[in-house]
Amino acid sequence: MKVKTLKGKSAEIIQKEILKIISEDFVPTLAIVFSSIKQDFIGLTAFLDKRNISVFGATTGGEFIDGDFDRESMAVMLLDVKSELFSLFYEAEAENDTRKKAQMLAKQALKKFMNPAFIVAGSGLRVDGEFVIRGIEDAAGKDTTIYGALAADDLQMQETLVFTNNKSSNQGIVLIAFDGDRIEFKGRATHGVKGVGTMKTITSSDGWWIHTIDDEPALDLVARYMGLNLEKTKNISPIPPEYTTTYPMVMHRKKGDPIIRPVLMFNYETGSVMSNGTVEQGAKVQLSVPPDFEIIEEVKNDCKEVKNNELPEADGVIIFSCVGRLSALGPLISDEINGIKETFNVPTVGFFSYGEFGRATNGNHEYHNLTCCWVALKEKEL
């Protein structure tokens, strides 16, 4: 497999660069496209489609290749890989019955590959990431490989899109299934957020809404911890954005590292708070301290551990990093991205997302928030 990356501020720039890259020695069959919602990604997909290049795409909250990150741009990874080693699947209407729709896509993949490995993206504001993961696992099993993210929209919080060849949806799923027997995948999901204080229990919840924690209205407990003086109304309101990334909840699982759930909304009438993912009643949680720059070192160390012990060489790396990490770390996020790039020293592409998919240390694949998920790909020699 040969891999090249490029980035630009317009579809026209990207198209010109692609024409320079294509040669007898490099004929891409697959393009991974991460684009600002403000860019003409539909025009780019039409350009790629005419050249028989399959497209896996999502809108973003920022884009990068290697350590060079930007906003309102486009980042592209081109892969010269045998067409029989991957298949692309798309579902335009996945807001309802998300788990069933994701399961259906995975079942289609299983008709082609005995051991598929998945890269998946969902529309960030209308598709539940938890159900995307579980639906794929329902078909392919918990040991299957799943990495990806939910699309973003430059923090406008209005419409996020996934797209493929001449198609796009604000409530869809796009999925690449690779032949896992021919292409090796190794990656990690790392957040570095530290929980503090005593373990608490979600005593009442419904989907993304948490009603009580230790039988106390969740709104009262969370607002008190954040130091917010709230003027109660009957409206459902977002919390100030700086608190979303500063004081997320650390949710502990029976197996593997904890996962992160930020608080996005308050319901003043019911005393509830809304997270960015399903929170099960009975789950154990801690509140957290604001992140510091040690979270970057954790990502880099996990990357080195995978390279040293699991995958010494790679053809390319794809990174899905929460837009909240960009908000928390600012320009220093480039140190995190560069750390992954420099570890494997291969072409790297990624975007800042509204939720991430990946396997935590010693755990299962999960739907994450405020997390850096990355995966390295390597075609096996026959």
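**Exercise 1.** Find how many aromatic pairs this predicted model holds, then classify the one formed by Phe-69 and Phe-352.

*Solution.* The structure holds 11 aromatic pairs. For Phe-69 and Phe-352, the ring centres are 6.2 Å apart and the planes make 85 degrees. Planes over 60 degrees apart count as edge-to-face, so this pair is edge-to-face. Finally, check the accessibility: Phe-69 is partly exposed at 24%, while Phe-352 is buried at 0%.

**Exercise 2.** Decide which class the ring pair of Phe-357 and Tyr-367 belongs to.

*Solution.* The centres lie 5.9 Å apart and the planes meet at 45 degrees, so the pair is tilted. Phe-357 sits in strand β25 (residues 356-359) and Tyr-367 in strand β26 (residues 365-368), 10 residues apart. Phe-357 is buried, with a relative accessible area of 0%, and Tyr-367 is buried at 0%.

**Exercise 3.** Describe the surroundings of Thr-60.

*Solution.* Start with the location: Thr-60 is in the loop between β3 (54-59) and β4 (63-65). Its relative accessibility is 0%, so Thr-60 counts as buried. Leaving out residues up to four places away in sequence, Thr-60 touches several others, among them Phe-34, Asp-153 and Phe-351. To finish, follow the rings: Phe-34 and Phe-351 are linked with Phe-320 into a cluster by ring pairs.

Key. Residues numbered from 1 in each chain as written. Predicted model: local features only at pLDDT ≥ 70, side-chain atom pairs only at ≥ 80, totals over all residues. Heavy atoms only, no water. Helix = DSSP H or I, 4+ residues; strand = E, 2+ residues; numbered from the N terminus. Buried < 20%, exposed > 50% of the residue type's maximum accessible area, 1.4 Å probe, protein only. Contact = heavy atoms within 4.5 Å. Phe/Tyr/Trp six-rings, centres within 6.5 Å; stacked < 30°, edge-to-face > 60°.
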